[in-house]
Amino acid sequence: MKLKNMLISGGLLVIAVLLAVAVSQTTKATNVEATLRAPDYEVATALIAKGGCAACHTIPAIEGAVGTLGPGWCEPAEEFQAGEVDLEFIMESIVDPTAKVDEKFNPVMPTNFGDTFSHVELTTLATFIATLNCE
Ligand code: HEC
C-alpha cells in the first residue's frame with residue numbers, strides 16, 4: 001500500500017511539473033502575440049481616405065498626405081513607441097478629439113468618427129498610427 005501511495009504521489013508530481021511547463025510556454029506565446037503589428041496597408045489607407053485624415057494630417061507613410069491643420073502623425077507614433085500613450089489613448093483622440101485638444105491647433109477635427117468607423121476600424125486606424133516608422 002505504501003509503495004502504491006508513493007507511486008501515485010510521484011505520478012502527480014510529474015503531472016504538476018508538466019502542467020507548469022505548459023503554462024509557462026502558453027504565457028510566452030501570449031506575450032509574442034501582444035506585440036503590435038502594423039495593419040494591412042491597403043485596409044488602413046482605405047479607412048484614412050474615407051475619413052479624409054490626410055487633408056489635415058501629415059502622414060509619413062502616405063505620399064501626398066501633407067495636411068497641416070492638425071499635428072503630423074509622427075507625434076502620436078513617437079509618443080506610443082516611447083510608452084507615453086497607449087492604443088486606447090490614440091483611439092480616443094480619433095473618436096473624441098475635443099477631449100485633449102492640442103493648444104497649437106484649432107480644434108477643427110470632426111467629432112463623428114465614432115459613428116463613421118466601427119470599433120475594429122478605429123483599432124486599425126490607431127494601430128496604423130502607433131506603428132508608423134518615423135525614424
Ligand atoms: C478637418 C481637419 C482634420 C481631419 C479631417 C482629421 N483630423 Fe485629426 N486632428 C485635427 C486637429 C486640428 C487635431 C489637433 C487638435 C485636436 O486634438 O482636436 C487633430 C488631432 C488628431 C490626433 C491626436 C494627435 C496627437 O498628437 O495626439 C489623432 C490621432 C488624429 N487627429 C487622427 C485623425 C484620424 C485618424 C483622422 C481621419 C479618420 C483625422 N484625424 C482627421 C484635424 C483633423
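Predicted model: local features only at pLDDT ≥ 70, side-chain atom pairs only at ≥ 80, totals over all residues.

Student: How many residues surround the ligand, and which are the closest?

Tutor: There are 26 residues around the ligand, and the closest are G51, C53, C56, G70 and M109.

Student: Okay, and which elements give two or more residues to that shell?

Tutor: Those are α3 (74–81), α4 (87–95) and α6.

Student: What's the shell like by class?

Tutor: It has 18 nonpolar, 6 polar and 2 charged residues.

Student: Let's switch to the helices. At what angle do α4 and α6 pack?

Tutor: About 115°, and their axes are 9 Å apart. The α4 and α6 crossing is right-handed.

Student: Which residues meet there?

Tutor: From α4 you have L87, I90, M91, I94 and V95, and they meet L122, T123, L125, A126, T127, I129 and A130 of α6. Sorted by class, this contact of α4 with α6 has 10 nonpolar and 2 polar residues, with no charged ones.

Student: And how do α2 and α6 pack?

Tutor: Helix α2 covers residues 41–51 and helix α6 covers residues 119–130; they pack at about 105°, with axes 10 Å apart. So α2 and α6 are roughly perpendicular to each other. On the α2 side the contact is made by V43, A44 and L47, and on the α6 side by E121, T124, L125 and F128. By class, that contact of α2 with α6 has 5 nonpolar, 1 polar and 1 charged residues.

Student: New topic: what pLDDT does the protein average?

Tutor: The average is 86, and 75% of the residues score at least 70.

Key
Residues numbered from 1 in each chain as written. Axes fitted to C-alpha atoms, helices over the stretch in contact; angles between N-to-C directions. Helix = DSSP H or I, 4+ residues; strand = E, 2+ residues; numbered from the N terminus. Parallel < 35°, antiparallel > 145°, perpendicular 65-115°, else oblique. Contact = placed C-beta atoms within 7 Å. Nonpolar A, V, L, I, M, F, W, Y, C, P; charged D, E, K, R; others polar. pLDDT = per-residue confidence, 0-100. Near = placed C-beta within 6 Å. Left-handed = near helix turned anticlockwise from the far one by under 90°.
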